[in-house]
Amino acid sequence: MTTSNNPLHRFELGLGTWQWGDRLFWGYGQGYAEAELKEAFDASVAAGITFFDTAEVYGQGQAERFLARFIREARFQDGQKPYLATKFLPLPWRLTKGQFRRALQGSLRRLELDAVDLYQIHWPFPPVSIETWMDAMADAVEAGLVRAVGVSNYSSEQMIRAFTALRKRGVPLVSNQVPYSLLNRRNEHNGLLALCHELGVRFIAYSPLEQGLLTGKYTPRNPPPGIRSQRYRNLLVRIQPLITALREIGEAHGGKTPAQVALNWCICKGTLPIPGAKNAKQAEQNAGALGWRLTQEEVARLDRVSLEI
């Protein structure tokens, strides 16, 4: 059984909102705030992007509230309709379907929705089984609160369990959201990407720019701020040949940036990348990944260079 009518196949690029309201990792309030996020949202919509991914834990619910407010104030083009995805985090003390339903209702309230387009289990955390949460998802679909079901950070084996449990209830699994970029191809090499294609499950790629490293703006002498500085300082030295390849390929396509080439590579791999954006400039740069395609030779070159890091 495949999900050939998967609603996510119509999207090539989305906007992720992990940065929206997150002070600890992203430093929300230091150099960007709500006004800049509103500009990022509006720039994305103007570029034709209508898939927005968030989660109850992003900014402790603030990202969902921002999205609701921005959508309410947005000027969508004819035929444009926002598609919203959010997530339930199965923390160890969340043990019942009742807690699941209350979390869903909390997200719907913050998003100002009667039903969410895509609801995802954020992580396959124990102790509650995958099958129990999928049963709760199917209940939510039948109750008209959720239109489509996805998972996030699920392995191949975990995804098959979720897929099978949902199928018993007549509900398709439409997505698995996992990390994927030129600097993190684990979920390609372990077979998850191919399995998603086989089952018709949309492979949503989060951190497709590896938290800014693939934009080319950071160097060993100019690392990213905050927590990312220590996390990536040594890696910045090793990725410079890849950044060079991204720049050279971008020049061959009329001056595309390293970020646009890196996102286009994700699209060429059959994934739906959801880069974040803190401001309009970043959102416009992300959208520049659309409307063109790398050649097979260019994809192969990036594959090779990425494996040498």
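How do strand S5 and S6 pair, and over how many bridges? Strand S5 (residues 149–152) runs parallel to S6, and the two are joined over four bridges; strands count as paired if DSSP finds at least two bridges between them. Strands here are DSSP runs of type E with at least two residues, helices are runs of H or I with at least four, and the numbering starts from the N terminus. The model is a predicted one, so local features need pLDDT of at least 70 and side-chain atom pairs count only at pLDDT 80 or more, while totals for chains, interfaces and linings use all residues. Residues are numbered from 1 along each chain as its sequence is written, and side-chain values use heavy atoms, with hydrogens and water left out.

Back to the strands. S5, H5 and S6 together make a right-handed β-α-β unit; right-handed means that, with the strands pointing away from the viewer, the path from the first strand over the helix to the second runs clockwise. Seven of the seven residues of S6 are buried, so the rest of the structure largely encloses this strand. Buried stands for under 20% relative accessible area, exposed for over 50%, and partly exposed for anything in between (1.4 Å probe, protein chains only).

Next, the nonpolar interior. A nonpolar core is a set of buried Ala, Val, Leu, Ile, Met, Phe, Trp, Tyr and Cys residues joined through side-chain atoms within 4.5 Å. The largest one has 92 residues, and the members touching the most others are Met134 and Leu302. Helix H4 (residues 130–142) supplies the largest share of this core, seven residues. Leaving aside residues up to four places away in sequence, Met134 touches Ile121, Val149, Val151, Tyr154, Ala162, Ala165 and Leu166, where a contact is a pair of heavy atoms within 4.5 Å. A second, separate core holds 12 residues, among them Leu8, Tyr83, Ala85 and Ile274.

Asp139 belongs to helix H4, while Arg169 is in the loop between helix H5 (156–168) and strand S6 (173–179), so the pair ties together parts 30 residues apart in sequence. Both ends are partly exposed, Asp139 at 25% relative accessible area and Arg169 at 26%. The two also belong to a salt-bridge network with Lys97, Asp135 and Glu142.

Asp42 is partly exposed at 30%, whereas Lys38 is buried at 18%. Arg185 and Glu188 form another salt bridge, at 3.0 Å from N to O, and both of these residues are buried.

Helix H10 (residues 258–268) is mostly covered, with 10 of its 11 residues buried. Those buried residues pack against helix H6 (186–189), helix H9 (240–252), strand S8 (272–273), helix H11 (280–287) and helix H12 (296–307). After H10 comes Gly270, which has a positive phi, near 85°.

What about the cysteines? The disulfide count is zero, using a cut-off of two cysteine sulfur atoms within 2.5 Å. The sulfur of Cys266 has its closest cysteine sulfur in Cys268, but at 9.4 Å, which is too far for a bond. Cys266 is buried, at 0% relative accessible area, whereas Cys268 is partly exposed at 29%.

Finally, a residue out in the open: Trp93 is exposed, with a relative accessible area of 59%. Trp93 is found in the loop between strand S3 (83–88) and helix H3 (97–111). From its C-alpha atom to that of Val149, 56 residues away along the chain, the separation is 22 Å.

Notes:
Salt bridge = Lys/Arg side-chain N within 4 Å of Asp/Glu carboxyl O.
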